[in-house]
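Colleague: I'd like to go through this model with you and ask what stands behind each label. Could you show me the structure before we start?

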Amino acid sequence: MSKASPELYEVAQLAVDLALKKGASAAAARAAKSRDVEVRWRDGKVEQVQESTTRGVSLALYVDGRYAAVSSSDLRRDALETFIADSVVMTRSLAPDPHRALPDPALYAGRREMDLQIEDPAYLTVSAEKRRTLSKEMEDAARAVRGAEAILSVSSGFNDNRTESVRIASNGFSGDRVETTFFIGAEVAVKDADGRRPSDSSFAGVRFVGELPAAAEHGRIAAERALSRLGAKKVASKSMTMVLDNRVAGRLVGALGGPLSGQALQQKRSFLEGKLGQAIGSKLLHVSDDPFVPKGFGSRLFDGEGLAAKERPVFEDGVLRTYFIDTYYGKKLNMAPTTGGMSNLSWRLGERSREELIRAAGEGIYVTGFLGGNSNATTGDYSLGVQGFVIRGGALGEPVAEMNISGNQLELWKHLVAVGNDPYPYSTLRTPTLVFDGVSFAGL
Amino acid sequence: MNEQGISRRQVLHIGAATLAGSALSDVLSGPARAATASAASPLYFARFGVDEGLIRGALAAALSKGGDYADLYFQHRVGSSFMLEDGAVNRAFKSVELGVGVRVVKGDQVGYGFTEDLTREALQQAALTAAAIADGPSRELPQRFHVGDPKASRYAVKLRWDDVRPEQKLPILNRLNERTFAADPRVKKVSISFNDESSVVLIADSTGRIVEDVRPMTSCYLGCVAEQNGVREQGAYNVAGREDLSFYSEERLARMVKEAVARTVVLFEAVPAPAGEMPVVMAAGSSGILLHEAIGHGMEADFNRKGTSIYSDKIGKPIAKPFVNIVDEGTQQGARGALNVDDEGNDVGKTMLVQDGVLTTYLHDQISAKHYGVAPTGNGRRESYQYAPMPRMRSTYMLPGPHKKDEIIASVKKGIYATNFTNGQVQIGAGDFTFYVKNGWLIEDGKLTRPVKDVNIIGNGPKVLEQVDMVSDDLEIDEGGWTCGKDGQGVPVSQGLPTVRVASITVGGRTTGKRG
């Protein structure tokens, strides 16, 4: 766990100082620098290599009771000074807003001191050759599966990133963060008899390069998944049990995030308004917001405003326990701020694996992918394109595509009938396999 | 200023693409303080603090390992947004981006680097990074650089956004707010975002070409929440274009208010849409989302070159009725998808994707054009200097056909009339696509009967094009602010459609049957 570079502290402090000098009464700045390297490999050779370092500063300005947020990638001293001076003038043109203020410094306090294990000190040792080798291994494994003659194209790749950032606020906050990520993945396109060219993928992401799973596995899985899509068809419209794969369940869970936000509540755009303490889902819906998951992609010691991170139950036995309230909407709603955004989710897991849940479901659809659609935050109505497989007699049957599910979130979560033992590790939402009964599927 | 988690990071870059209407959260991108454009000299060298020597040095480094071709993409973009909530314009956002991207092409392989530090050393370093895609002796540069004359002027901007004071924008938001509340007593909340940007780009390539463009953009989103008998609904209307302040005419503002309110309060009467295959009539205008998803992405030549599009190997083949003609172009004056040159410096024209029902031309960037041995079509686009260009749509629409709107609606016994959309997505290889209908109507016995809402429609591109069996004469290009997403890059696009009938497609409504 290292500190961010002194240069970023200087930029953030300079931005705050300039803001105050130009007339702001308070300011908070975030300076960040991010190095990103990506290799894309396709059909036997490198397709694209990109390497870059980006940097910039963003600044929240509080001027005469007014508020603006600005950002710039032009860090030349003169340019930054002019930019901030112009921004202060711009802020003065706005209507005053009595609810705008930096967070109460009391909420900065109590920041946990722990190593989140989100930075790999070996980051710079990753070689160009390693990125290419792993990418090639994924392709080779994909092309070695049974049925590989149907493969049209294999794309694979390696992406690594190191980001350091510093946040400084004029009312006493100072904090930094250094993190690394390493992602590998493969996508395989196959040719179907009817001219369709379905594809599917497999990828993994970790905080420490040494913990990357075997690349070949992901190539193989991507190819097997793509080949399993051959011959996909829609089936008759009806209400069925849905077993939702853990890698895509986040699409439904994520749709709860917007309506839980202070802005949605205050702007009357949330179907969860007034529902604190009420049962939203079945007793199986039991989830907390956990910023301290070691190596988690959403792990943090303080949030985007500097509030000290805390673990919070979101749903307990189906009952809604918290909203995501930032300082501004907290003042507008007259509610205590919690945090403006989710970190990681931790689920109370079930005991059964995906295979056992499919067997127990008996009949239904195993959904492995979403395609478009939307969820209305105000009413909870959702309608989403899906693909997957028929479940018949507790086993997977033929692939289905071009189908859609519809309903209302308030209804859906009450029909959550099983939770798997398999949290998806490569996302902040960490969803296990979820099973819902009575889901309306549209197809033929 | 959120510390974002990184679950959104994607390492994979093929297979899916998205389209979204402009949303409140989607605010920043950028304008520039531009001098009056004149031909012949690289006007913006000073803005970027560069000269021909620096460009030559960077391109020489880019080709030092034997790349076939290299280009530099300098960009200075300034964007600002003013937002109204709870009756006051009480927040503003502003962003400045300055940087240069270096691309080296070797065959169909690409090396890319960028820097936000425009010093000679940093530029040289980015160029050497990109150069490493090749592995051979260095290439020669031409003796002279030639500054291309601007061939087109598709953004008739009298007053640059840099020169517009906040005091000139704020009354627009306040007026929209007052009128929206006045329009219907059921309106409880109004939110507005007013966005503008200008982007100065300078493209220099290893053939000795230097091209400049100054691109304005503005958009305005008006959202409202209404309440009736304890039930709430939200709706919105938005407009966008490469225009100046005069875009916000009285007539346009009045239309925004009328549409935003009408689209919201009609939802109180709406019934859930049915489920299953049925005829769908696409209303003129933003229904162009059908083309964007069903065929536009699949015709981007990168997917075809790789054999991963459902339209691969279909050029010259009939794919639709003979009265179906589909165009992608960048030449519409002031359109959100308009361009004077694309992001590789090429002229932007009008490309026929489908002519008289026959698949005609892919959308090319330079790499795919070379692969297919054709001229680039001016579709090489990128989100910013941080990204390599690739084939992208501009403004995609269908030409008018032989039918009439009334006759089309009258022809449907039971189906949906889809009028307003929020987003769509496509799987380029499988061809399956969706678009989300925010507002629509049930058609029963040839008549629009009850409103429907919030329903996704899902189909397969080539199958749906075959099912387009009536096309009206009422083409409209939508004025909304669409952003197309592909490989993590968002670019502004336009779309349009005359009233069209799709004989059969799956409507993702609710089943009325028993539990299965």
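Modeller: Here it is, and please keep in mind that this is a predicted model. Let's begin with helix H3 of chain A: what covers the buried residues of H3(A) includes strand E1 (26–42), strand E4 (151–169), E5 and H4 of chain A.

Colleague: Which residues of H3(A) are the buried ones?

Modeller: They are Arg131(A), Leu134(A), Ser135(A), Glu137(A), Met138(A), Glu139(A), Ala141(A) and Ala142(A). To be called buried, a residue needs 20 or more other C-beta atoms within 10 Å of its own.

Colleague: What makes the span of helix H3 (residues 128–143) of chain A agree with expectation?

Modeller: The helix has 16 residues, and at 1.5 Å a residue it should span 22 Å. Its end C-alpha atoms are 23 Å apart, so the two values agree.

Colleague: And why does Glu211(A) count as exposed?

Modeller: Glu211(A) has 11, so it counts as exposed. Its place is in the loop between strand E6 (199–206) and helix H4 (215–227) of chain A. The C-alpha atoms of Glu211(A) and Gln267(A) are separated by 44 Å, and the two residues are 56 apart along the chain.

Colleague: How is chain A divided into domains?

Modeller: The domain assignment gives domain 1 (6–32 + 54–104), domain 2 (123–227) and domain 3 (238–442). Between domain 1 and domain 3 of chain A, the C-alpha centres lie 36 Å apart. Four residues of domain 1 are in contact with eight residues of domain 3 of chain A. On the domain 1 side there are two nonpolar, one polar and one charged residues.

Colleague: What about the domains of chain B?

Modeller: Chain B has domain 1 (16–269) and domain 2 (275–508), with C-alpha centres 23 Å apart. Here 47 residues of domain 1 of chain B are in contact with 44 residues of domain 2 of chain B. Strand E3 of chain B gives the largest share of the domain 1 side, six residues. By class, that side divides into 21 nonpolar, eleven polar and 15 charged residues.

Colleague: How do you know that chain B touches chain A?

Modeller: Two residues are in contact if their C-beta atoms lie within 7 Å. By that test, 83 residues of chain B are in contact with 90 residues of chain A. Strand E3 (residues 88–106) of chain B supplies the largest share of the chain B side, twelve residues.

Colleague: What makes strand E2 of chain A and strand E4 of chain B a pair?

Modeller: Pairing takes at least two bridges. Five bridges join strand E2 (residues 45–63) of chain A to strand E4 (residues 109–115) of chain B, and the strands run parallel. For Glu51(A), the bridge partner in E4(B) is Gly113(B).

Colleague: Which residues touch the most other members of the largest nonpolar core?

Modeller: This core has 195 residues, and those with the most contacts to other members are Val188(A), Ala58(B), Ala62(B), Val102(B), Val280(B) and Val507(B). Strand E5 (residues 174–190) of chain A gives the most to the core, with seven residues. Beyond four places away in sequence, Val102(B) touches residues including Ala58(B), Ala62(B), Leu72(B), Gly113(B) and Phe114(B). There is also a second, separate core of 64 residues, with Leu18(A), Ala60(A), Leu84(B) and Val187(B) among them.

How values were computed. Residues are numbered from 1 along each chain as its sequence is written. Chains are lettered from A and ligands numbered from 1 in the order in which they are written. This is a predicted model: local features need pLDDT of at least 70, side-chain atom pairs count only at pLDDT 80 or more; totals for chains, interfaces and linings use all residues. Helices (H or I, at least four residues) and strands (E, at least two) are DSSP runs, numbered from the N terminus. A residue is buried if 20 or more other C-beta atoms lie within 10 Å of its own, exposed if 12 or fewer, and partly exposed in between; C-beta atoms are placed from the backbone. Domain bounds come from an automatic or database domain assignment. Ala, Val, Leu, Ile, Met, Phe, Trp, Tyr, Cys and Pro count as nonpolar, Asp, Glu, Lys and Arg as charged, and the others, Gly among them, as polar. A nonpolar core is a set of buried Ala, Val, Leu, Ile, Met, Phe, Trp, Tyr and Cys residues joined through C-beta atoms within 7 Å. The expected span of a helix is 1.5 Å times one less than its number of residues.
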